[in-house]
Amino acid sequence: MATSALCFYLLIMSSAVCFSLSTAQNGDSPQGLALDFYQNTCPRAHDIIKAEVLKVVNQNPSQAAGLMRIVFHDCFVQGCDASLLLTKPMVSEQIATPNNASLRQSTIRILDHIKDQVEAVCPGVVSCADTIVLSAAIALELVGGPNISVLMGRRDSQTAASNQTVIANIPAPQLSISGLKQNFQNHGLDSRDLVALSGAHTFGQAHCRVVDLQLTPTLSSDLNAGFAANLVRICQPNNSAQNRGGLTVHLNFLSTDVFDNSYYKNVLNKVAIFHSDAELLNAPDTKQLVQLYAGDQGSFFQQFKLSFTKMVQMGVLTGQNGVIRTKCSVSNS
């Protein structure tokens with residue numbers, strides 16, 4: 001596998017999602033991946049997935065953020081192998097501490113449905129891992145993001161990672177800048193990828209139980225005082241005793257459902273929610289990148305494309321390794 005750097009809604013209805021050959025930073029891509037991998041075995045795969053994602057995003061643009069979260073949480077734990085979607089027979093990454101109540105079950109059901117549509121045309125050919133990656137790339141562009149080249153040919157794991165493995169690999173929202181850099185370095189990634197992939201916080205939602213870490217017992221200095229007060233009103237209402245667990249807040253109040261560079265403006269203005277967001281300003285190299293991307297969306301998109309491509313090539317199973325799961329939620333018998 002090529003090792004390199006990584007990390008984590010206007011509808012563009014007329015844009016065609018095109019994919020061209022892409023390589024990792026060192027010029028290599030994992031052996032067995034190819035742009036036209038399914039050309040002979042399932043030539044309709046791309047069109048089927050694109051049509052399903054288009055329907056989903058038309059109905060609910062916020063699902064693009066859900067798909068992006070699935071990619072990140074899958075690839076950072078034992079590679080991009082769709083192990084995150086496994087729920088049977090025993091271990092499930094979905095109930096691991098960093099994932100429990102964080103991943104959208106509706107997004108997981110969407111991926112199951114997309115896989116079923118592909119299976120109906122090309123049984124046992126297209127992997128769940130490729131379905132995850134391609135669905136996210138298509139959705140991202142439909143909500144204003146860059147066109148991202150995607151190579152296909154991943155295969156699926158038959159086993160999910162343990163809770164301890166998930167905790168060790170998913171960067172926590174309270175990490176310091178040194179902790180964030182180390183986490184990414186552990187995955188073969190660098191500061192450019194850390195900052196670029198953090199930009200995915202430009203859309204989506206956070207659970208108030210996580211936001212509360214910034215609000216109690218005292219308001220964090222990471223946050224603008226007025227913004228923090230607004231978060232308190234949303235996440236700590238007077239009637240919150242019974243339903244606090246299900247409350248969420250938008251990660252970005254500037255452009256809630258659009259993938260753009262407003263996240264970096266939020267970081268500079270102290271209206272980004274997580275401690276890990278504010279920590280990007282605490283190292284010269286990452287601070288410089290935040291400032292660059294805040295003023296230049298084109299530079300952000302260019303680096304995000306590179307970083308996303310590296311992420312989805314991490315730890316892939318190809319060739320004789322792994323399987324093609326018929327159902328994404330269960331291993332093959």
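Student: Is Asp74 buried or exposed, and which side chain of opposite charge is nearest?

Tutor: Asp74 is buried (under 20% relative accessible area, where exposed is over 50% and partly exposed lies in between, with a 1.4 Å probe and protein chains only), yet Asp74 has no salt bridge, and the nearest side chain of opposite charge, Arg325, is 7.1 Å away. A salt bridge here needs a side-chain nitrogen of Lys or Arg within 4 Å of a carboxyl oxygen of Asp or Glu. This is a predicted model, in which local features need pLDDT of at least 70 and side-chain atom pairs count only at pLDDT 80 or more, while totals for chains, interfaces and linings use all residues. Residues are numbered from 1 along each chain as its sequence is written, and side-chain values use heavy atoms, with hydrogens and water left out.

Student: Where does Asp74 sit, then?

Tutor: Asp74 belongs to helix α2, residues 63-75, a helix being a DSSP run of H or I with at least four residues, numbered from the N terminus. A polar atom of the Asp74 side chain lies 3.2 Å from the backbone nitrogen of Ser83.

Student: And what about Arg325, which side chain of opposite charge is nearest there?

Tutor: Arg325, found in the segment after α13, is also buried without a salt bridge, and the nearest side chain of opposite charge is Asp156, 4.8 Å away. Polar atoms of the Arg325 side chain do lie 2.6 Å from the backbone oxygen of Ser157 and 2.8 Å from the backbone oxygen of Cys328.

Student: OK, new topic: how many salt bridges does the whole structure have?

Tutor: A search of the whole structure finds seven. One of them joins the side chains of Lys115 and Glu119 at 2.9 Å, N to O, and both residues lie in helix α3 (residues 105-121), four residues apart, which is about one turn of the helix. Lys115 is buried at 1% relative accessible area, and Glu119 counts as buried at 12%.

Student: Which residue pairs with Asp116?

Tutor: The side chains of Asp116 and Lys327 meet in a salt bridge of 3.2 Å, N to O. Asp116 lies in helix α3 and Lys327 in the segment after α13, so the pair ties together parts that are 211 residues apart in sequence. Asp116 is partly exposed at 30%, as is Lys327 at 43%.

Student: And what does Asp130 pair with?

Tutor: Asp130 and Arg154 form a salt bridge of 2.8 Å, N to O. Asp130 lies in helix α4 (residues 128-142) and Arg154 in the loop between α4 and α5 (163-169), so this pair ties together parts 24 residues apart in sequence. Both Asp130 and Arg154 are buried.

Note on methods:
Helix = DSSP H or I, 4+ residues; strand = E, 2+ residues; numbered from the N terminus. Lys, Arg positive; Asp, Glu negative; His and termini not counted. Polar contact = N/O pair within 3.5 Å; in protein donor to acceptor, adjacent residues only side chain to side chain.
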